Amino acid sequence: NDFETAESHYLSAVQAATQTEDENASSCVGALDHDKFGFGEAESSSKRAQVMQDDVANSMCTAGLEGNPQEIDCAGSKCRDGDHDGRKTYSIGDELDKANALVSLGNTYRAQSRNKEAEEVFNNAREIHSRIGNDLGIADALLGLGEAYRTQSKHQDAENAFETANKIYSRVGHDVGTANTLVGLGNTYRAQSSNGQAEKAFNAAHAIQSRIGDDLGAANALVGLGNTYRAQERNQDAERAFAAAYEIYSRIGDNSGSATALDGMGETYSAQSRPEEAEKVFRAAYEVHCRIGKDRLGTANALLGLGEAYRMQSMNAEAEKAFDDAHGIYSRVGSDLGTANAFLGLGNTYCAQARYQASEKALLAAVEIHSSISNDLGTATSFLGLGNTYFAQSKDQEAEDAFNAAYEIYSRIGNDSGVANALDGLGEAYRSQSKNQEAERAFMQVIEVYSRIGSDSGIANALVGLGNTYRAQDKSAEAEKAFNDAIAIHSSIGDHLSAGDLSRDMGIYHSDQCEYNKAESCYRQALGSYEDAHDDDKRAGSLLALGELHRIQKRYQEAEEVVTDAVGIWAKLADERKKAAAFFQLYEIFKAQSKHEEGIDALIQADLSFAHCGNDNARAVTLNLMGDIQLELGNCTEAKELYDLAESIFLSLDDADTLGMELESLEAFELPPDRDLEQ
């Protein structure tokens with residue numbers, strides 16, 4: 001492939017420079033078309049090599065060179081004669097060619113995520129440039145070395161390399177190099193959650209690149225800013241930064257950069273709970289990355305984002321595959337950060353599938369790796385996932401410990417949404433252990449954090465937790481106020497679905513407490529919210545709940561009307577299963593009024609729906625109930641036919657429980673002595 005060709009090319013250049021004083025060795029460097037690789041090193045390296053060769057000769061003329069005086073004089077005479085190629089006289093030119101080829105080779109390795117090999121050749125290049133006194137070459141090698149360190153999460157080493165390179169570039173007035181080191185520093189700071197320093201570095205880089213007209217560099221700085229804004233929960237700023245970067249990359253034809261900007265945009269959408277939009281852009285990014293090369297860090301990053309978008313939409317099988325594929329690539333290219341993030345995604349997906357042992361294992365692996373590379377944000381988020389997994393298994397103390405660990409880290413690095421999420425988990429863990437005072441305090445803190453950062457949906461969700469905590473302490477008035485406040489917030493921000501769900505849940509609670517007027521008010525409020533949300537399915541469900549409430553109150557006419565409306569909605573939606581449930585509800589209403597014929601008609605309709613969706617078990621129960629009604633009406637022949645049909649279905653299902661129900665009905669059928677079953 002193209003990368004193998006580049007690697008072979010640069011190795012040949014290194015060998016040529018090592019073995020001979022052939023003046024053409026440097027011309028090998030950069031001979032390939034940089035567009036094939038997407039990183040632009042090839043073309044620029046040969047030009048930079050020539051510039052640096054001139055710089056070396058000129059510097060020897062003006063500043064002198066420690067070493068053989070004869071070589072210095074000879075170099076000086078070459079300069080005075082206008083001939084800057086001193087390689088025929090001394091060996092520095094060959095060393096320079098070799099070092100430049102090594103830098104280009106390192107960049108090729110880095111583009112393939114072969115970071116340990118990149119680290120080795122960058123170090124070799126730095127040693128050579130140091131030996132011949134070429135500061136610009138030293139800086140170039142350090143820049144590549146910093147990137148190799150950063151990708152391996154060797155943050156302190158990366159920081160040192162970038163800072164040293166930055167000082168050299170600044171001293172010699174090399175603006176492009178200065179800006180590139182600032183971008184590297186920004187990415188390193190961000191990986192350590194030092195977002196203030198990161199933002200400052202990226203802004204400084206962007207200012208330089210904009211001034212000198214370096215479009216590619218400006219776009220790279222914007223991507224860094226977008227990621228930093230996202231880490232600071234400044235999602236609108238992040239969107240603007242990624243959109244601006246994407247526009248530049250597209251204009252200059254940088255496919256790899258375009259895909260990276262799309263990745264950032266997808267992450268921003270996910271952070272705002274916009275999974276459908278996130279999925280769309282991650283798919284686009286993945287396709288671009290695959291065209292460049294499947295086993296690349298960018299490809300894995302797109303898969304990681306795609307997996308998260310799937311998980312947010314409860315598409316767990318798709319999420320698992322995406323995370324698995326990402327994990328495979330990260331492992332092959334040696335990215336600890338990526339591997340840990342893939343484990344995190346898998347752990348959360350396994351939890352959603354109730355595969356708790358697998359979830360714990362994956363999340364503990366994520367915690368271990370993130371901790372080892374000093375990635376505080378990743379460590380905290382992994383602890384948060386672990387807390388959720390423990391809580392789902394009712395391991396409340398373990399959940400509390402994990403949420404506390406997440407809370408401490410999020411607090412230290414100043415991640416407000418993380419703090420709120422950890423506190424919310426703590427509140428639920430406390431409530432589950434009946435530590436209601438602690439739960440109250442936790443939920444109140446969540447509300448305080450979300451109020452500060454302006455998250456209305458977060459406040460509403462915390463109010464629900466607070467309401468449940470009040471309810472557990474029989475603080476009915478406080479609970480009702482918290483729930484109503486949450487409903488009002490959901491409605492005000494246009495989240496009618498959440499408002500409807502909460503109103504319906506309150507209706508169920510009040511109904512269970514025999515507070516029928518309050519229950520009816522809540523159900524009707526839910527109906528209005530679902531209508532605003534254009535969710536007919538949930539509206540029908542609330543109608544069914546309202547019908548049951550009317551039946552309990554013996555308001556049969558109203559019960560019949562609302563349940564019939566529910567039947568009509570599910571018929572339009574072609575949901576035979578739910579339509580059958582509504583017909584069963586109608587049967588219960590008719591039965592309470594001793595309307596036997598209407599009851600049979602309702603059961604016949606339920607039977608047809610069950611037959612349509614292939615639910616034989618439910619059909620058998622329905623036929624059994626129809627037999628009971630016919631028996632009560634004295635229609636013995638019809639009753640026996642229905643029982644026989646139910647029995648044949650029961651026997652075919654080999655279901656002991658339902659067969660027992662059928663036999664009980666047969667016993668009841670045989671009780672009346674004056675009925676001749678053979679007639």
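A: Buried means under 20% relative accessible area, exposed over 50%, and partly exposed in between (1.4 Å probe, protein chains only). This is a predicted model, where local features need pLDDT of at least 70 and side-chain atom pairs count only at pLDDT 80 or more, while totals for chains, interfaces and linings use all residues. Residues are numbered from 1 along each chain as its sequence is written, and side-chain values use heavy atoms, with hydrogens and water left out.

Q: What covers the buried residues of H17?

A: Helices are DSSP runs (H or I, at least four residues), numbered from the N terminus. For H17 the cover includes helix H15 (297-312), H16, helix H18 (356-372) and helix H19 (376-392). Among the buried residues are Gly 338, Leu 344, Asn 348 and Tyr 350. Contact here means heavy atoms within 4.5 Å.

Q: How many Å does H17 reach from its first C-alpha to its last?

A: The expected span of a helix is 1.5 Å times one less than its number of residues. H17 has 17 residues and reaches 25 Å, close to the 24 Å expected. Just after H17, Ala 354 takes a positive phi of about 60°.

Q: Which residues of H10 are buried?

A: In H10 the buried residues are Asn 195, Ala 198, Glu 199, Ala 201, Phe 202, Ala 205, Ile 208 and Gln 209. Their cover includes helix H9 (175-191) and helix H11 (215-231). The 18 residues of H10 (195-212) should span 26 Å, and the end C-alpha atoms are 26 Å apart, which agrees. Gly 213 follows H10 with a positive phi near 75°.

Q: How do I read the angle at which H25 and H26 pack?

A: Axes are lines fitted to C-alpha atoms, for helices over the stretch in contact, and angles run from 0 to 180 degrees between N-to-C directions. Helix H25 (residues 496-512) and helix H26 (residues 516-532) pack at about 160°, with their axes 7 Å apart. That makes H25 roughly antiparallel to H26, a term for angles over 145 degrees. By class, their contact has 10 nonpolar, eight polar and four charged residues. Ala, Val, Leu, Ile, Met, Phe, Trp, Tyr, Cys and Pro count as nonpolar, Asp, Glu, Lys and Arg as charged, and the others, Gly among them, as polar.

Q: Where does Tyr 509 lie?

A: Tyr 509 lies in helix H25 and is partly exposed, with a relative accessible area of 22%. The C-alpha atoms of Tyr 509 and Cys 522, 13 residues apart along the chain, are separated by 9.8 Å.

Q: At what angle do the axes of H31 and H32 cross?

A: The axes of helix H31 (residues 616-632) and helix H32 (residues 636-653) cross at roughly 160° and come within 8 Å. H31 and H32 are therefore roughly antiparallel to each other. The residues of their contact divide into 13 nonpolar, four polar and four charged.

Key: Helix = DSSP H or I, 4+ residues; strand = E, 2+ residues; numbered from the N terminus. Parallel < 35°, antiparallel > 145°, perpendicular 65-115°, else oblique.
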